[in-house]
Amino acid sequence: MSGVNLRKGGTLTVLRDCLAYLSEREDLHVTAIVHQRSLCDFQGIDYIEIPWSIKGWLRRLWCEYVTLFGISKHLKDTDLWFSLHDTTPRVRAHRQAVYCHTPFPFMKARLRDFRMNYKIGLFSSLTRFAYRINVRKNHYLVVQQNWLREGLARLTGFDKNRIIVAPPAFRPMDIPVCPPVTRPLFFFPSWPDVHKDFETLCEAARILENSVGKGRFRVAITVKGDENRYGRWLKKRWGDVESLEFCGFMRREALAEAYGRAACLVFPSRAETWGLPISEFKPTGKPMILADLPYAHETAADAPDVAFFPVGDAAALAAIMEDFLNGKRAAFRNVPAPVMAAPYAPDWEHLFSLLLNV
């Protein structure tokens with residue numbers, strides 16, 4: 001398994017969960033090629049650390065197509081090489097598979113994306129080509145949602161009957177039940193990356209405040225305003241909106257409490273592989289207002305009270321929020337669960353049965 005660029009967030013969680021499962025498989029000999037062993041240290045796994053590959057694109061390319069090839073020759077007779085970070089390395093193995101996390105090839109980059117974080121702007125352009133390199137050497141691709149299976153099949157020409165949908169597991173939160181408050185709270189938790197589209201919610205808060213008044217509602221976002229260029233821009237442009245609270249990063253306990261106090265989750269992100277806050281909030285049964293994108297429909301499947309708004313349309317979002325405040329629920333509905341075609345793997349055991357053909 002190779003995952004040299006997985007160091008934080010959801011991708012590191014996938015790496016850790018995967019290795020935790022494999023560490024219990026006494027019938028497998030597993031070598032994990034990682035950035036740093038301490039990030040994912042489990043018994044029964046052999047580790048090779050490559051800390052230098054994160055220091056620029058040229059080093060990453062050298063690692064993928066030169067270093068890993070040398071390691072694969074040294075390991076010899078590898079049954080499966082499983083790359084957990086989107087790209088297909090040049091290696092020797094009886095079969096290969098790659099876990100595709102990145103939704104950016106399907107996000108249209110804007111000029112603002114490049115201004116706020118040029119890496120995300122470039123990523124949305126370059127990953128369209130990176131996914132294609134060596135992709136046909138894989139026996140399987142692995143994705144978290146069906147829309148990404150369909151999208152990758154179109155983008156790469158890879159047979160979608162060999163793209164496995166494997167939804168991520170997550171640990172349910174202990175969310176407290178809080179009594180209703182006079183000022184309903186709309187809540188959006190995320191790190192201030194430009195593709196999260198905080199500006200749409202911030203502008204909707206301004207529109208709504210002008211429409212219904214400053215004392216009718218609150219909007220809380222997990223942005224402090226000093227994290228990066230995007231966060232500073234958000235605070236400078238919308239810091240005067242009295243109903244908008246810049247709460248900053250929340251640890252798991254504080255996040256669970258905020259979910260309990262929230263009357264409604266808002267999730268406007270323009271690109272997600274999954275959208276974890278939707279899954280975390282869904283068990284409360286409380287309303288959600290989500291960007292009208294495929295990832296949100298799949299993640300919110302079976303949720304009872306969801307409204308969707310056009311991506312980036314602050315006025316439309318504000319209108320749904322105002323209807324919510326006024327008790328009008330025409331836009332909210334149950335989200336039907338999609339019928340998932342094979343190949344499908346609900347857990348790591350099923351996934352490795354497919355990958356190893358056992």
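Residues are numbered from 1 along each chain as its sequence is written, and side-chain values use heavy atoms, with hydrogens and water left out. As the model is predicted, local features need pLDDT of at least 70 and side-chain atom pairs count only at pLDDT 80 or more, while totals for chains, interfaces and linings use all residues.

C18 has 0% relative accessibility and counts as buried; buried means under 20% relative accessible area, exposed means over 50%, and partly exposed lies in between (1.4 Å probe, protein chains only). C264 likewise counts as buried, at 0% relative accessibility.

Helices (H or I, at least four residues) and strands (E, at least two) are DSSP runs, numbered from the N terminus. The axes of α1 (residues 9-22) and α12 (residues 348-355) come within 10 Å and cross at roughly 80 degrees. Axes here are lines fitted to C-alpha atoms, for helices over the stretch in contact, and angles run from 0 to 180 degrees between N-to-C directions. The two helices α1 and α12 are therefore roughly perpendicular, on a scale where angles under 35 degrees count as roughly parallel, over 145 as roughly antiparallel, 65 to 115 as roughly perpendicular and the rest as oblique. On the α1 side, the contact (heavy atoms within 4.5 Å) is made by V14, D17, C18, Y21 and L22, and on the α12 side by W348, E349 and F352. By class, this contact of α1 with α12 comprises 6 nonpolar, no polar and 2 charged residues. Ala, Val, Leu, Ile, Met, Phe, Trp, Tyr, Cys and Pro count as nonpolar, Asp, Glu, Lys and Arg as charged, and the others, Gly among them, as polar.

Helix α6 provides two further packing examples. With α11 (residues 314-325), α6 (residues 198-212) has axes that come within 8 Å and cross at roughly 50 degrees, which makes α6 oblique to α11. From α6, the contact draws on T200, L201, E203, A204, I207, L208, S211 and V212, and from α11 on A314, A315, L317, A318, M321, E322 and L325. The classes in the contact of α6 with α11 are 11 nonpolar, 2 polar and 2 charged.

With α7 (residues 229-238), α6 packs at an angle of about 10 degrees, the axes being 11 Å apart, and so α6 is roughly parallel to α7. F198, E199, C202, E203 and R206 of α6 meet Y230, W233, L234, R237 and W238 of α7. The residues in the contact of α6 with α7 are 6 nonpolar, no polar and 4 charged. Within α6, E199 is buried, with a relative accessible area of 6%. Not counting residues up to four places away in sequence, E199 touches R110, R112, Y230, W233, L234 and W238.

Turning to a loop, V311 lies between β13 (306-309) and α11. V311 counts as partly exposed, at 37% relative accessibility. Its C-alpha atom is separated by 6.8 Å from that of P268, 43 residues apart along the chain. V311 touches R270, A291, D292 and L293, not counting residues up to four places away in sequence.
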